[in-house]
Amino acid sequence: VHDSNYGCVKSISTSFDNRFLVTAGADSNIFVFDVFSEFMLKKSTKAKVPSPRFGIETEPIPEDIEDPKAYSIENARRKREHDKLMKEVEEIKAGKREKIKALRNEFQKLLEMNKELPKHMQLKRTDFNLDSEIHAEIDRKTVHKIQEMEKELAWEKEKHELGLKKLQRRFRDSLESDVIVVHAIQSDHKISSYRLVKPSKYSKLKQTSQSDRRPSKLDRLEKEGPGKRDSLKDTGGSIDIQEESIIDKGNKFRPETLSKIMVENQIEKTRKLILKAERAQLKIQQRKKEWEELYRSKPDDDYEDPKDVQAIKEAQVYMGDFNLKTAPDYKIPEHMRINAAKKEEELGHLDSLVYTKKVHMNKCIFSLRDLKVAVVEEIQCLVQEVKNIQATLHISKHIPIPQIPQIHPEEVPEKRFQYDEETLIKFKEQKVKSLIEKPSQVEHMGSGVSSGKDSDLTTRDSSVRFSGASIFSSDLQIEFEKAEPTDVELEIMKRDEVKHLYMQQYLTNRIKELMVTFDAELRLLRHQKLKLDTQMKLSDLHHVTLFQEILLLKNFEKQENILQERVNSLDKEEQDMQWKINDTLKEMEEKKNEITKLQEQEKALYAGFQTALGENNKFANFLMKVLKKKIKRAKKREVEGDADEDEESEESNEDESSLEDDEDEFGSEAEVLDDSICPIGCDVGLFERALQLREKRLDIEEALIEEKKIVDNLKKEYDTLSKKVKVVAMNLKTAEEALEAYQREKQQQLNEVLVVLPFKLHQIEYMVFGEIPSDLSGTLVFSNHSLGRLQERIVQLQEENTSQQKLNKECWERRKMLIREKREMAKNIEKMEQTVRQLMVSKFGRVIDLEALQTLSVNTTLEELKIKKLQKELMNAKEMKMWEQKIDQARWELMMKTKEHTKKLHQMNDLCIEKKKLDSRLNTLQNQQGNAFQSPRKADIVARKKINELIQVQAERILALKEEIALLRKKGGLILPPIQS
């Protein structure tokens, strides 16, 4: 059977043979009943005794009902008795209340009778108090009861406060603004605000730093400055320095005698010649530089304009691949690669944009609500004024007053949570009623409570605002006896009536105007909100796609970071090696420059010595052999540690072997060439200069060998680094390819994400036989901006193509003209070369080098040597006397030293003889004594050591004296000072 409370029968139907009845109820149940005929009904009226059931013994014993809320007869009886008792108590309370009410009425009558009496016979209010302390006691008891009740309800109060706070935190604190629905006044239009929640975590997300992303190759090329700077020698500066050095040398010797004046004149003459020659040489060098710059500026056959190269690189990096993203060979540009952080940033930007637009629209709706409140208040004031005006007019001249618009509860949702004592009393009454009534009516009453409360709040506000008007209308008017008006009064009354009629019409029009303008503002704002709603729905769809992409990208993020870190590490390693290679190349260039400088010094040394020899010198070959002779020089080596001892020993063995080879090669020359003695007739100064220059040459050769070794080591290091760079570049290429493949796989996964895009029919341009096909899977979606850019790009490329064709044509014509000019210039050069050869042959008899002729016109080294020769001759004349005196003194000292040495030699001979005697005696004594005295004594060992040292010192002195004697015997030889002991 259907439920009696909720299962009311909605429909009844019979079967096709009228044997069954089908009922359908509101409780979602369907029941089928048998319909008996009269014969079956009579037949079934016989009572049958039911047969006993089988298996009752085996059935389980029913369990006791332990649920205290379950229905039982005892509980029903107790409840009935309790209800009866409560009814009796309520009847007693009602009787008591009636008695108290009667006493109060009687007391009020007594108070009124007391007021009617004369003042001198009236009783005071305090005389009616039987007990003066009873009121204080009652107040004290009530306060005490209130405190006890507060203590009893403190836990419940705290509990409900905490529950309210939790509900506010859960549902209200996250809200920034609730929904407000603003209704129109004269139509059914309405507009609602957005229910705004506080911004999400994505909108507060800061922009992630892209430091983990490696810089692009174009950025690295832009950051790298120019590679190497060309170091050009300043020849003019060197010339000025040489000129100043010559002048300083001349200023040092001021003319005091005739010989010095001759030297000064020679210096001035050579200075002028040198300046002239250097100016000519400077012109030649400048011309060479101009030719070098011209040839350097000449482009190679495979020359490419750096601007074009830069533009191509920018295009490769930034323009990207114009294939479709769904293509298998699509290459993602580096600046267009997406990760989870970028997508979260994009999602945050979308959320913040949506949030700002919603906030702006909510502000507009709030201002519209405030405008409606102001309009309603103004209309209320205007209606009150119209009523006051109509009170003075006749009823027949009254205009219908427009209805005052109401403020709906939906327009002021913030007043839902405002309450006072009346609302609390009403809520209490409704709660009591809800406990008494059925549960079905509880929900109906609950919905009516809130609406009634809101309506009470709004009516209460309106009644409070215009209480003054009601008071004004409720004032008592004193009626006087009316007299007949005069003509003046009638005229005034007519004017007042006309004025009131005008004001009545004006105020009603003003009210209508306010309503119409408000409705127009609401409709405009509603139209804007409808547009914004479409944008918000699109943003919600875009939000869903972005969130799906974030979830997809987070799955790829870990592997992508690993690949990116590998690429970054390899890129950094390649950059470090490239920097090392650049450093080694710079060092190699510096060392090569040093080698060229040393070679130039060596050439200058030979050239200077050749000029110093002059022409037709008999000993030129001998002196050149002395200069070029290779001699063995002792090299000082520092011991760096035990680890390098083996390497040093190997190097020393190689040096010894090389020196032995040099001795073998030049042994024959050494037998013939004796460079220790200057031959007779040869200039001693040139001989000494040859020896000094030989030492200088040897120093230069040693420096050249060391520099070449360093260059070889740098070449080896450069080769190893270049090999490593190639390996790292290959690894970097493979890592970039792996990253690119992973990016392509990620892009393919992103392409599979479904994106919803609403279109209008005029936006679809994909037609098949003039109709829109049902399958749009083969279509492309373009935004208007990107489509316009593509069309602009097509126009730009066409213009660029035409301009390039024009430029190519101009360059081709210019090339033809330059080839023609080149042929003409070549012919002119050939003619000029022939005339120059003819002039040389006619003047010099042969073809010569004019540049070499200009440079060799003045031999600066020869002139300087001549000046030095004059100066040295003057100095040597003074020093000759001094050296002769020194030679005499040295001979006298030599003779005294030889005498002293002979005496010491005799003493040493005597000492040696005495030593032999003592040794023989010691041997005999040792043989005689025991084994304890066989070892030599300590004093003998010390004495023997001293004598050996003395002999060695004297031998060294003798050798030194012999060398001094040999030097003194030479003609013009150097005299060394005596060795001091």
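At what angle do helix α14 and helix α17 pack, and how far apart are their axes? In this predicted model, the angle is about 30° and the axes lie 8 Å apart. The legends below present the chain and then the surroundings of α14.

**Figure 1. Overview of the predicted chain.** The chain contains 21 helices and seven strands. Of its 981 residues, 18% count as buried. The accessible surface amounts to about 79,200 Å², and carbon and sulfur atoms account for 56% of that area. When contacts between residues at least 6 apart in sequence are considered, 73% of them join residues at least 24 apart.

**Figure 2. Packing of helix α14 on helix α17.** Helix α14 spans residues 620–628, and helix α17 spans residues 684–751. Two packed helices are described by the angle between their axes and the distance between the axes. For this pair the angle is about 30°; because angles under 35 degrees count as roughly parallel, α14 and α17 are roughly parallel to each other. The crossing of α14 past α17 is right-handed. On the α14 side, the contact is formed by Phe622, Leu623, Val626, Leu627 and Lys628. The α17 side contributes Leu686, Phe687, Ala690, Leu691, Leu693, Arg694 and Arg697. Sorted by class, this contact comprises nine nonpolar and three charged residues, with no polar residues.

**Figure 3. Packing of helix α13 with helix α14.** Helix α13 covers residues 487–613, and its axis comes within 11 Å of that of α14. The two axes cross at roughly 155°, and α13 is therefore roughly antiparallel to α14. Here too a right-handed crossing is found, with α13 passing α14. From α13, the residues Leu605, Tyr606, Phe609, Gln610 and Leu613 take part in the contact. They meet Ala620, Leu623, Met624, Leu627 and Lys628 of α14. By class, the contact of α13 with α14 has eight nonpolar residues, one polar residue and one charged residue.

**Figure 4. Buried residues of helix α14.** Which residues of α14 are buried? They are Ala620, Phe622, Leu623, Met624, Val626 and Leu627. These buried residues pack against both α13 and α17. Among them, Leu623 and Leu627 belong to the contact with α17 and also to the contact with α13. Phe622 and Val626 are listed in the contact with α17, while Ala620 and Met624 are listed in the contact with α13.

Key:
Residues numbered from 1 in each chain as written. Predicted model: local features only at pLDDT ≥ 70, side-chain atom pairs only at ≥ 80, totals over all residues. Heavy atoms only, no water. Axes fitted to C-alpha atoms, helices over the stretch in contact; angles between N-to-C directions. Helix = DSSP H or I, 4+ residues; strand = E, 2+ residues; numbered from the N terminus. Parallel < 35°, antiparallel > 145°, perpendicular 65-115°, else oblique. Left-handed = near helix turned anticlockwise from the far one by under 90°. Contact = heavy atoms within 4.5 Å. Nonpolar A, V, L, I, M, F, W, Y, C, P; charged D, E, K, R; others polar. Buried < 20%, exposed > 50% of the residue type's maximum accessible area, 1.4 Å probe, protein only. Areas by Shrake-Rupley, 256 points an atom, 1.4 Å probe, with all protein chains shown as cover.
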